[in-house]
Amino acid sequence: MTEKYSLGIDVGSTTVKTVITDSSGEIIYSKYQRHLSKVKETVTDQLKIIQADYPEAEFTVCITGSAGLGLANSADIPFVQEVHAAFLAVKQKQPDADAVIELGGEDAKIIFLTGGVEQRMNGSCAGGTGAFIDQMATLLGISADELDELSMHSQKIYPIASRCGVFAKSDIQPLLNQGARREDVAASIFQAVVDQTVSGLAQGRTIEGKVLFLGGPLFFLKGLRKAFVNTLGLDNEHAVFPDEAPVFVAYGCAVYAANAEKAYHIEDIIDKVENARTSDNIVTGEPLFNSQTEYDEFIDRHKQCDLGYADIRTYEGDAYLGIDAGSTTTKLVLITDDGRILYHYYASNQGQPLDKISEQLKVIYNAMNPAITIKGSAVTGYGEDLIKAGLSIDHGIVETVAHFKAASYFCPDVDFIIDIGGQDIKCFKIKNQTIDSIMLNEACSSGCGSFIQTFAMALGYDIAEFSQLGLFAQHPVDLGSRCTVFMNSSVKQAQKDGATVEDISAGLSSSIIKNAIYKVIRANSPDELGKNIVVQGGTFLNDAVLRSFEKELGRNVIRPAISGLMGAFGCALYAKEKAKDEPSKIISKEELASFAYTSRSAQCGGCTAHCQLNIISFGQGRKFISGNRCEKGGGIKVKNKIPNLYEYKYDSLLNLVKTHQPRKYRGVVGLPLALGFYEQLPFWHMLFTSLGFRVIISGESSREVYYKGQHTIPSDTVCYPAKLTHGHIENLLDKKVDFIFYPCMSYNIDEGGSDNHFNCPVVAYYPELLLANNPRLNNENFIHPYVDLNIRKNVIKVLGQVLKKYNIKGRIPAAVDAAYEALSRYQNDISAKAREIIEQARAEGRNIIVLAGRPYHVDKEINHGIHKLITSLGMAVITEDSVAHLARTPELGVLNQWTYHSRLYRAAQYVTTQPDMQLIQLVSFGCGIDAVTGDEVRNILESHGKLYTQLKIDEINNLGAARIRLRSLVAAINNN
Amino acid sequence: MPDYPKFTEDMIKTHTILVPDMLPVHFKMLIAIFEAEGYKLELLQNDSRAVVDEGLKNVHNDACYPALLVIGQFMDALNSGKYDPDKTALLITQTGGGCRASNYIHLLRKALAKNYPQVPVCSLNFSGLEKDSAFRITAPMFLKMLYAVLYGDLLMTCYNKCRAYEINKGEAQKMLDKWQRRIGNIFRKGSKMFLRTKKIYTDILNDFASIQLSGEKKVRVGIVGEIYVKYSPLANNHLEDFLISEGCEPVVPSLLEFVMYCAVGTFNDAKIYDHVTKQSIFNKIGYDLIYAKQKELISVMKKQGSFEPPHDFEHLRKLADKYINQGVVMGEGWLIPAEMAALAKSGVENIICAQPFGCLPNHIVAKGMSRAIKQDNPNANIVAIDYDPGATRVNQENRIKLMLANAKL
C-alpha cells in the first residue's frame, strides 16, 4: 500500500506555499515561491515538482489563502480559511503559545489563544503590510532587504501615521524631502507597521505571554521583528519566530487536509487545478486600442505638442533654470530665451532631492557653453524651501502657478489642467486667466503614479514595460476607483478570476483615471472640465493612462511631450518673466564644487506644540529648518502678531478651568476636553463649580494622548477627533477624579434657521462607546446621562437624578441658569473678539479667512496648526461660529439638521457679503456628514463668485498639501 | 433646493413610479397597495456594475453606500431608455433622523437636476416630510402597509428557513412566489381579506411546513446591520445566497422590529428629554397597536410550531438596556445591539453586522457594542462587514469564512 500524505497549498496575495506532511504529521516537504499574479501556473508548477518526487503517493489535499478561494472552488478542492489554518498549525507546533501575529503580503492577523480564542483580521481599510513595506522601499529606491539593513542602524523613530499605508506614506515623504536620515526613516516605517497591527487588531486586548510571529515579512525582516519585540516588551522566550514561519499556514492547511476522507494521486490534483474553470464574473471594459493604426494615430497626435531643442554646448546667450522638487521625483529644465530646451532631467529623487539637484547642476555647469548666462532660476514642489535655501535659487513658487504657466505656453486658452504625479493628483480650473478652483486628492485616494510602479514591480515588470502591456489588452479589468488598499484587493479578486497581467495593467490605468475624475474632480460630464484640457505630470507619460483619460472623457486632450517636466518648465518661464539685468544668484560652479550639508534633528521649544525640527546646515551659517508649523521654529522673529481667533478660543477654554474653582469642594468632576466639550465646556464648568465641585479637564491633546487611548478604539474608521477622546478618558482616570461627566445628546442647542438641531451620531453618543470599550469605566465613575440643553427643566431633572447622592437638588436650578449665562457670555466674547480681529485686519489691509469647521477643530492635535500656517501667509483667522449669527441661512439643497453644520452655511453666506473674506472648510477625514455639507458650502460660495477651499485633516501631521492649497488661494486672491 | 418638480395629482395617472430594490420580499406587496390606490409602480431589479458606476458619478463619493446604490440604480434605470423620463417618477424612503440617510432625497434631486430635471421624486416617510407632494399615504394605506410588513416578515422567515434545508431545491422559492402573488392580489383588489391575519398566517405557516426539509444540523448565522445593506442583495452582494452556499442557515430579524424601533424613538425621546409632543403621543398609540399585532403573529407561530417566531419587541427593549440607552436613535441605533444580544441568547451565536463603510451611527452601535455583547455572551461570534463600491466580494467573503471557521470550533 502506498504511503498517505497530506498536502496543504497556501495561495496568498503574492506567494504560493506548499507543504506535505506524512502520516505522523511531520513536514517532509515545503516550498515558498512568489507567484507574480500567475496563480494557477505557479500552483501547477509546484505540483509538478511534487509529482517528480512522489509520483505514486496519494494525497489528501486542501487549499487556503486569500487568493486561494476562487481556485479551490473552481478546482473542486476543499478550502480552509487562512486564519483558521494558522490556528490549526499553532495547535500542533506551539501548543503553549498565547497569541499569534501573522503578517502577509496584504493581511495582518492576530489569533488570541488563551483567555478566549479569538481570530482577527485587518478590516478592509487598514490593509497593506508586506505590500506596504515593499511600497515604502520603492519610495526610497531600495529593496525590502536593504530597507531592513538600514533600519538596524537607526538612532531615532519618527511618528508615522499607522492607520493606513497611504497615510503613512504622506508622513514619510516630507521626512525624506527634509533630509531625515534614511536609517531612521526605515526604522520608523517598521514601527508604523507594528503600531498598525497592535492598535488596529488588538482593539482593547493586550498581546502578552508567548507570542508567535508568522508570515513572510516577519520571517525575512529583522528590523520588523525587533520593532515588534520591543513594542510588545517581549523577551527571547516569549517571542517565537519559528523556522517554518513562511510556510506555517500551508502546514496548517495540510493538518486540515489530513482529516479529509478522499485522497488523490498527485496527477489528479494537477488535473483539477489545470482544468479549473475560472469564473467569468469579472467586469471588463473595452480595449484601449483596437488596432496598431489607432495607436499610431494617437502617438502622432500627441507628438505635435513638443518643444524645440538647442545644444547646451553651442548655444550662446541667456538661459533660465526651472526646478520641480516633487515628492518622489526631481525635474529640472534649462531653457533659452525663446523657450527652447537646453537641458532636461527627470528621475526619482530616491528620497534625496538636494543631492540629486546639486548633482544635476554640476552636470549643467560642466556641459554648458561659457557664453551662456543663467539669468534666473525658480523652484517649486514639496522640496521648494529646502532647495531654495540650499542652492540660492531666486524664486520659489507654488506648484499650481508653475503648472498654469507651463500649460498656457502650450495652450493659451487652457481652461482645465490635470497633473498626476508620483504621489498626488492636482487639478485646476482656469477662469479669466487665473486659477479659479483647485482640487487635490485627499490623503485617502493617493497612490497615483507610484502606485502603478509598485504594482508593476510586484508583478515582476518595470513600469514602462508594464504599462505597455496594457495598451492592447482585450478585456481591461474594472478595478474600482478607491484608495490603493482597495485596489490591491480588487486586483487580488481579478487574479483569482483569471485576469491576465495585460488586463490588470489596462485596468490599473483606468482606475487611476476614474479616481481622478470621479473622486478628485467629482465631475459628472466632460463638459464640466472645460474645452481645452492640458494633462501633465509623469504619470501621463504612460500612454495607457493617457488613453484611458481620453476614453473616459470622450474627448482628446493635450499632452505636451515634456508632460513630466511641466512644473520645472513653468518655473523656468516664471524665472524668465521675473529676470532683471543681473545674472541669477544661484549657487556658482565654484561654490557648488565645495557644497556640502549636514542634517540633524531637534525639538522646537517655542511653544507647547514641540514641533520636531530638522535642521540642515549648508556651511557659512546658512541653514534650513523644517518641521516647524509657525515662524518661531523657523528662527524668524515676529514683529506684528497677526490676529488668530483659533488661538484665542483655545486659550480661553483652557484658562476657564484655572478660574472660578471653589476652594472647598464636595467632589472632583472630570471633563474630557474632546468633541462637544470644545463648545460646552463653559456651560458644564460653571454648572459644576456653582454646585461646589472642583472641575478638572483632561488636558491638551497630543499624539501621546492618542496612543494612550488607542487600545480602546473599536472602530478604526471613525474620525480622529473621536479617537482622541479615548486618550482623554485615560488621562482623567489617571487624575483620580471622583467621576467623569460626559453627557449624551441627540440634540444640540437650537440656534434657529435650520430644519433640526441634531448632533452628529458620533458627537451625540460617543460616551456609550467609551463605556462599552474601556474596561476601567463603569456606571459609578462614568456618568453619561441623556440631556437636552434646549429644555431647562430637563437639564435640572437629569442633574438632580445623577447627582442625587450629593444632596444638592435645591441648588441645581440656580447653577443651571448660571451655566446658561456662562455659555452665552463665552459665545459673546468670541464674537466680540472676532469683530476686533476683523477691524484690526482691515486696518492693516489683510485678508480675513473664516476657517470653518467644528468647535473641536480648535484642538491643535486635530487642526495640526493650519491656522498658524494661514497667519504665516499674512491673513487673519476667525472661526465659523463667531460670524454665523451675522447671516441668515441661505436656500439649501439639503436637509439642514445639524447645529454645527448649519453654522457652516450661515458663515459661508456671511462671507459672500464681505469682499475681503474667504472661507476655508476644515473637514476631518471620515466625517460622512461633511460629504453633504461640503458641496453645499461650495455652492453658496461659488454662486457668489467666491473661492471654495476644503482642507481634509486626519492624524497625519503633514501640512504639505494644505500649504499648496493655501498658497494657491493667496495667488488667486491676489489675481482677482 | 430652489426648484424641483413636484409630484402632482395628475401624475398619479400618467407616471410610473420606480421603486429601488431595498426589500425584495416586502416591496412587492407594498407596490400592490399603491396600485390599489391608482398609482403605477415598478420595482427595479437592475444590479449590474453600471449601478455602482452611476452612483459614483452622481453622488459625492464620501456619501454612504446605500445613497450611492439607490441613486445609481435610479440613474442606471433612467439611462436604460426603458422609461420615458417625462412619465417617470422615483420613490425613496426617508427616515428623518439625525443620520445622513434623511438627506438621500436631496442627493437624488441633485443628481437628477443635471440630466433629468423633469423627473419628480416621491418620499416614503412617516415623519410628515415633503408635505407638498400628491404622493400621500392615507391612514388606510398606512394600515395596509403595516400588514404588508407583517406578512413580508413571516414569508421571509419561512423562506430563509426552508431554503437552507429543503430537499427539493427551489420549492421554497416557489412557495414564496405563490404567497407574494396571493397577498399582492388581496391588496390589489382592495379586498378586506388582509385583515384576516390569523387565517393567512396559519395558511402560510402550514404551506411552508409542508416543504420537505433535511434534518441535518447547520450553522445558523444572524444578519443585523444598517437597514438597506442588511436586506438588499444588491448592497450586500447577495449575502443570504452566499451563506446558503456555504451550508449555513441565514437568520434575518424582521423588518417590523425596525418599524417599531422608529415608533418608539419619538416617545422615548419625549420621556428622556421631557419633551412631549403630539407626534410622541400619536406614536405611542401607534406603537401599542403594532405591538399587539406582533404579539398576535408570535402566538400564531408558536401555536403552529414549525418556525421560530420573531423576538418580542418589549423583550428586545429590555435587552438593549443592558448595553446601551434607548436614547441612541440615529441610524438603527440601539436596535442593533439589542438584535445581536437577542440572537446570541436564542442560540444564533454567529452574527454578521452588515454596514456601509464608514457608517457613522454604526461606529457606536455596531463595532462599538460588540465587545460588551461578547463579554456577556462568550460564545457570540460577531463580525462586522463593510460594504462599499471599492470593497471586493472576495475580501468580504474571506472575513465571513473566518467567522464561519470559528463557528465550527
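Helices here are DSSP runs of H or I with at least four residues, and strands are runs of E with at least two, both numbered from the N terminus. The model on your screen is predicted, so local features need pLDDT of at least 70 and side-chain atom pairs count only at pLDDT 80 or more, whereas totals for chains, interfaces and linings use all residues. Residues are numbered from 1 along each chain as its sequence is written, while chains are lettered from A and ligands numbered from 1 in the order in which they are written.

Select first helix 12 of chain B, residues 278-304, whose end C-alpha atoms are 39 Å apart, and then step on to B:G305, which follows this helix and has a positive phi, near 90 degrees. Next, colour the buried residues of helix 12 of chain B, among them B:Y287, B:I290 and B:L297, where buried means that 20 or more other C-beta atoms, placed from the backbone, lie within 10 Å of a residue's own. Which helices do the buried residues of helix 12 of chain B pack against? They pack against helix 6 (139-165), helix 8 (197-209), helix 11 (255-272) and helix 13 (313-323) of chain B, contact being counted when two C-beta atoms, placed from the backbone, lie within 7 Å.

Finally, select A:V669, whose bridge partner in strand 25 of chain A is A:F739.

Technical notes. The expected span of a helix is 1.5 Å times one less than its number of residues. A residue is buried if 20 or more other C-beta atoms lie within 10 Å of its own, exposed if 12 or fewer, and partly exposed in between; C-beta atoms are placed from the backbone. Two strands pair if DSSP finds at least two bridges between them.
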